[in-house]
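Student: I have a chain on my screen and I'd like to learn how to read it. Could you walk me through it, feature by feature?

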Amino acid sequence: MRRTGPRRRRLAGPALLLILLTGCALTVTPAERSAQGPSDRAGAPGSPSEAPAHVRWGLTAPLPPAPQPSLSLPSRRPGSLPLVVDRVRTRDKVVFLTYDDGAEKDPRFVDMVRELRLPVSMFLTDSVVGPGYGHFARLRSVGASVQNHTLDHAALRGLPYAGQRAEICGQQNKLRSRFGIRPRLFRPPYGTYDTTTLRAAADCGIAAVVLWRATMNADTLAYTDGAPRLHPGDIISVPATETPTPTLRSRTTHLLRLIQQAGLTVGRLEDYL
């Protein structure tokens with residue numbers, strides 16, 4: 001017996017082809033479309049999140065790893081005055097990045113240090129860091145070292161011994177209470193010091209007074225002496241600035257490009273001093 005009633009039409013030819021091409025066979029609501037945003041594609045091949053670290057931070061090539069230091073750490077007799085250095089005497093093709101004060105606390109700089117594995121040294125002043133010690137704890141956790149830059153950023157040269165000792169030892173005590181460390185390296189504010197500074201630093205446990213041969217300004221390197229170019233062993237100072245731009249990250253990227261152009265890489269200062 002033949003069935004009667006509505007008969008289901010079979011689509012064929014142009015009608016079926018139209019459905020397959022337009023995707024009408026699968027209904028997607030506007031809400032579902034909005035859920036399939038760019039974040040769903042973040043891990044796709046070729047996306048920025050998968051780019052090598054040096055590309056993400058604006059470099060054309062990765063930084064070569066620093067070699068093992070070719071010199072042994074200098075021995076220091078008990079009671080002797082600290083070394084005073086603006087560069088390390090080494091043939092290793094390395095320079096050293098040092099950051100002053102602790103005024104700039106860009107959280108993305110922590111990511112930069114971690115991803116590029118930058119062995120940076122942070123010379124901190126307590127009155128400048130203020131409540132921002134947590135930022136430097138994060139930097140320490142990704143490989144940065146923390147060193148002494150006095151309590152209040154006072155110019156030390158000419159001050160009496162007691163005042164200089166209070167500035168240096170006071171910051172040693174602050175850093176010990178914050179991080180459980182007593183730094184071996186000290187940078188005097190403005191790079192000024194005298195014999196009294198050295199005596200006070202020695203009595204506070206300092207092994208070396210660290211100056212610099214080059215300073216990274218907004219977009220140029222300024223040199224204290226010698227030929228205006230980077231040499232192996234140069235200590236570079238990256239001071240804090242009072243302007244929001246260029247950022248610390250931008251200045252560091254520009255500095256790393258200059259270092260690479262000179263055929264050098266970044267070493268860990270504490271491995272040499």
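Tutor: We'll start with the whole chain and then go through some local features.

Tutor: Some ground rules: this is a predicted model, where local features need pLDDT of at least 70, side-chain atom pairs count only at pLDDT 80 or more, and totals for chains, interfaces and linings use all residues. Residues are numbered from 1 along each chain as its sequence is written, and side-chain values use heavy atoms, with hydrogens and water left out.

Student: Fine. How many helices and strands does the chain have?

Tutor: Helices (H or I, at least four residues) and strands (E, at least two) are DSSP runs, numbered from the N terminus. Here you get nine helices and ten strands.

Student: And how much of the chain is buried?

Tutor: Buried means under 20% relative accessible area, exposed means over 50%, and partly exposed is in between (1.4 Å probe, protein chains only). Of the 273 residues in this chain, 42% are buried. For the surface, accessible areas come from the Shrake-Rupley method with a 1.4 Å probe, and for residues only the protein chains shown count as cover. The chain exposes about 15500 Å², with carbon and sulfur atoms supplying 55% of that.

Student: What share of the contacts join residues at least 24 apart?

Tutor: A contact means heavy atoms within 4.5 Å. Take the contacts between residues at least 6 apart in sequence: 70% of them join residues at least 24 apart. L83 is in strand β1 (residues 83–85) and, at 39% relative accessibility, is partly exposed.

Student: How many aromatic pairs does a search of the whole structure find?

Tutor: Rings of Phe, Tyr and Trp (its six-membered ring) pair if their centres lie within 6.5 Å; planes under 30 degrees apart count as stacked, over 60 as edge-to-face and the rest as tilted. The search turns up three pairs. One of them is F96 with Y272, an edge-to-face pair at 5.1 Å centre to centre with 65° between the planes. This pair links distant parts of the chain, 176 residues apart: F96 is in strand β2 (residues 94–101), and Y272 is in the segment after β10 (265–266). Both F96 and Y272 are buried.

Tutor: Now compare Y99 and F109: their ring centres are 5.2 Å apart and their planes are at 55°, so this pair is tilted. Y99 is in strand β2 and F109 in helix α4 (residues 107–116), ten residues apart. Y99 is buried at 2% relative accessibility, and F109 is buried at 1%.

Student: Which cysteines does the disulfide join?

Tutor: A disulfide is a covalent bond between the sulfur atoms of two cysteines. The working cut-off is a pair of cysteine sulfur atoms within 2.5 Å. The search of the whole structure finds one, joining C169 to C204 with an S to S distance of 1.8 Å. C169 lies in helix α7 and C204 in the loop between α8 (195–203) and β6 (208–210), so the pair ties together parts that are 35 residues apart in sequence. The link is left-handed, with -105° about the S-S bond, and both C169 and C204 are buried.

Student: Which side chains make polar contacts with the side chain of H153?

Tutor: A polar contact is a pair of N or O atoms within 3.5 Å; within protein, one must be able to donate a hydrogen and the other to accept it, and residues adjacent in sequence count only if both atoms are side-chain atoms. The side chain of H153 makes one with that of H149 at 3.3 Å and another with that of Y190, at 3.3 Å. H153 is in the loop between β4 and α7 and is buried at 18% relative accessibility.

Student: Last one: is R117, with its positive phi, buried or exposed?

Tutor: R117 has a positive phi of about 55° although it is not a glycine, and at 73% relative accessibility R117 counts as exposed. T150 also has a positive phi, about 80°, but T150 is buried, at 0% relative accessibility.
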